[in-house]
Amino acid sequence: MTDIASNGGNIGRPVNRLESRDKVTGRAEYVHHLQLPRMLHGKILRSNRPHARIVRVDTSTAAALDGVYRVVTIEDIRTVIPHPYYGPAFHDQPILADGKVRFSGEPVAVVLAADKHVAEQALNLINVEYEDIPAVFDEVEAMTSPVLVHDELKPAATFADLKHLKGCRDTNIALDYHLRRGDVESGFRASSRVFEHEFRVQTVMHATMEPMVSVADVVDGRVTLHTASQGPSFVRIEIARLLGWPENRVRVKVPYVGGGFGGKLYIKLEALVTALSLLVERPVKVSLTMEEQFFAITRHACTMRIKSGISEDGRILARHCEVIWNGGAYADIGPRVTQKAGFTAAGAYDIDNVAIESYAVYTNKPPAGALRGFGAPQTAWAYERHTDMIADELGMDKLEFRRKNLLSRERPQASGTLMRDAAVAEALDAVADQLNWSSPFDKGSGTIRRGRGIAVGLKGITSPTTSVAIVNLSADGSCFLSVGTVDMGQGSDTVMAQIAAEVLGLKAEDIRVIHSDTDVTPYDMGTLGSRSTFHMGTAVRLAAEDARRKIDALRVELGLDTHAGSTVPELLRTKYGMQAGNIIGTGSFIPDYRKPDSETGQSDKATPFWGVGATGAEVEIDTETGWVTVTKVVNVIDAGTALNPKLVKQQISGSAIMQLGFTLTENMVFQDGQLTNGSLADYKIPNILDMPRDWICEWVDAKQADGPFGAKGAGEFSSIALSPAIGNAVADALGIRVVDLPITPESIYVALQGMPVSSNGGQKS
Amino acid sequence: MNARTIRFHLNGEPVQVDVKPHESLVEVLTQHFNLKGARESCGQGLCGCCTVEVDSKVVSGCLQLATFVDNCQVRTVEGLGERNDLHPVQQAFIDAGAFQCGFCTPGFILMTVRLLEENPDPSDDEIRHYLSGNLCRCSAYPEIVDAVKLAALRLSGQTRPDPSRLELR
């Protein structure tokens, strides 16, 4: 099929979200509101110990409470699911605690009742007797601790590259990833200066406004799940595996989702509600509260050590990165974070000698998984602060030092994959322009100090992954589009409709996008990692092209091929004698991929495309209080062609504001393994007052050659470089050491206490 | 727990319903009236997703006990406009791209309607402070400020306000 030119008026057009009217009138459908006849609500009793053996669970008083239908523990679950352990990378997570608890907040029992208030009340009547065992919380300590979170590693068979870990014992290291390029030791020897720093990133979480929720309804040997999930296909596969059923007895339906950000990926509550519905033969709904979400999934805290050797003329000759990821008690998708963020941990720089070690580590904290960037923002915090700290020591301009070392086109990244369609330099230049980097900057005086910072980073995309799409033209020529991509706010319905419409010569607004229903919509690996526009977008393009081919073939079949103007309704009416029939086009897409070498991590096709984000920030700091006001932020990404500029801009802006929270205010605080601030009252996500006054969101003029109409993705890239840009600005303002996130007034104040009074006077300490 | 019958005006219509003492307004709106625009998220009155207007004051529907709206005028997002007859604030939110997942959107829209009824020409600062009790995790904040300004502009251009939308004032 020849390439179809984008002249249909759908590409590059700021189409409003197809569901706009439903959302502004409060009528959009979410699982949050779903009620089924005879439905029971499940409320979860959670462990209050970080690591303990369960001696006894006494549910009798709770079960006797008026209105309680049943109280369920792992023993009950086992009667319907004999091996009740699930997870995308490791089958390590029990549906309810099984003999021991591994973090404070882990589900231990469930009360079922028709009235959720009754279920909640009954939770207080369950008595659990624990026997505490020593716990380990810090990821570095857990690497060598005698305290073991799991006795044995249980990798899932679906991830072939984890097979070698099966049966490993006496370790908290779930996965170790290594990359080798050149010879890092000889690179250090050839360097004139070597710098080494250690950075830490805190635990944060998704806080989706629609809290996690799933409903299961088991009827006649089939289960229907209604779930706020980013990965319905995976849910179907995993539930089918747990039940030993074929996939066509598991149906997963997802309407609109009230925010995901990676928190609703893979499998979360679905195994639990399925087991509960099997047990009671009624529909069961489990809706988490906002507080409970803190125990469901978090973003990895991490410790990253980075060492660089620099030549006389300011070239980075060698870099060694060691990243230790705090995966919490269950692996979730942490092993993939460890690999994917591991392979870009050396940054967007052209370095001949690189060594990277990246470790997924179990601890007695809530599980960590994917959150907008798959680890890229954590590693970028380290490598871009490190970059500034080196430039400071060398007395070099921070932009100049970056430019001198940046990966340029057709150069190999540390994995060996070439930089293609990755506008790294252009994004950095655009940021520098918007900050007027070459102009003098007023750094303030007295108790108000100002600073500015820049940062740039890279992200590889999870690969290889598959997307399948179906285009269905009705006899009147109207079009249905079936895709498993979940619209959780990013606008995928709209963008997919734009792509299909462009190929088919229709208008995006006229296409009906059918939401995920695994009985109806074909396979998609998941709505994650900025992959949908590229992967599903390509599948949609192929499906629409297939439909066009079928239209052309029908013309030939009907002898109407000279009459190229004949429309779909005319063709189908001619064929069937009435308004009948369909034209169905299908498309599936999996990108080229070559598995990285297991020893060296080298691959010429490690990622289908590159995510690129550059950020500039200006801050103003009150040295008496440590208060940071972010006065200006410039976010620039490479999205390839912006298929829908309005949606791309929203993604850049939203992703960056979220990251602003992770930089300045958000921090899950633990004391002896107990979360002390599990509420939006104490865990502060950005509100409208936190928005910097000067807020610029842009994308560079670029094209992803093999993407649909030149597009790639946009959901995560402005999250990559934001934290270090702000950290660099704070360090620039005050000359203090900034190595840990979040950057709080307290941490600044403490750092300032160690700072000598500056020579230009007025500095209080 | 004994239920009690309460009567109130819901989006202009007189209604009555039996409520239990512990039931929140948002539960009653959802379960008894099938209105889903106000929705519970944080459950602590911190996020604004459950925003409902009671006697011209905006409240957190998750904290407001339903029994207290007896004899009150209650307005929800459903009372503002229909799918094919949007309130100017709803239209402005679409035009400015002021939402993503849409879960918090009804709360922001109700707050904006209330803001513009109190202050037809708010400054940026006034907009931000008025909306600071509503959270949007998709972080559509810049677009929300744009939407409020756009709505203010359009509403100020209306020569004759639609009386059906002003019934509670």
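Modeller: Two strands pair if DSSP finds at least two bridges between them, where strands are DSSP runs of E of at least two residues and helices are runs of H or I of at least four, both numbered from the N terminus. This is a predicted model, in which local features need pLDDT of at least 70 and side-chain atom pairs count only at pLDDT 80 or more, while totals for chains, interfaces and linings use all residues. Residues are numbered from 1 along each chain as its sequence is written, and chains are lettered from A and ligands numbered from 1 in the order in which they are written.

Biologist: What makes strand 22 and strand 23 of chain A a pair?

Modeller: Strand 22 (residues 467-474) and strand 23 (residues 479-483) of chain A are joined antiparallel over 5 bridges, and since at least two are required, they count as paired. Within this region, Leu473(A) has Cys479(A) of strand 23 of chain A as its bridge partner.

Biologist: Why are strand 24 and strand 25 of chain A placed at the edges of the sheet?

Modeller: The open, mixed sheet of 4 strands in chain A runs in the order 24-23-22-25. Strand 24 (512-514) and strand 25 (582-589) of chain A each have a single partner strand, so one side of each lacks a neighbour in the sheet. From one strand to the next, the twist averages 20°, an angle taken between N-to-C directions, from 0 to 180 degrees, of axes fitted to C-alpha atoms, for helices over the stretch in contact.

Biologist: How do you know which residues of helix 14 and helix 15 of chain A make the contact?

Modeller: The axes of helix 14 (residues 492-504) and helix 15 (residues 532-557) of chain A come within 9 Å and cross at roughly 30°. Residues are in contact if their C-beta atoms, placed from the backbone, lie within 7 Å; those that qualify include Val495(A) and Ile499(A) of helix 14 and Met536(A) and Val540(A) of helix 15 of chain A. Helix 15 of chain A also lies across strand 22, strand 23 and strand 25 of chain A, at about 145° to strand 25.

Biologist: What makes up the contact of domain 1 with domain 3 of chain A?

Modeller: In an assignment that is automatic or from a database, domain 1 covers 20-29 + 465-589 and domain 3 covers 298-462 + 597-753 of chain A. Their C-alpha centres lie 37 Å apart, and the contact takes 18 residues from domain 1 and 22 residues from domain 3 of chain A. On the domain 1 side, helix 14 and helix 15 of chain A are the elements giving two or more residues, with helix 15 supplying the largest share, 6 residues.

Note on methods: Two residues are in contact if their C-beta atoms, placed from the backbone, lie within 7 Å.
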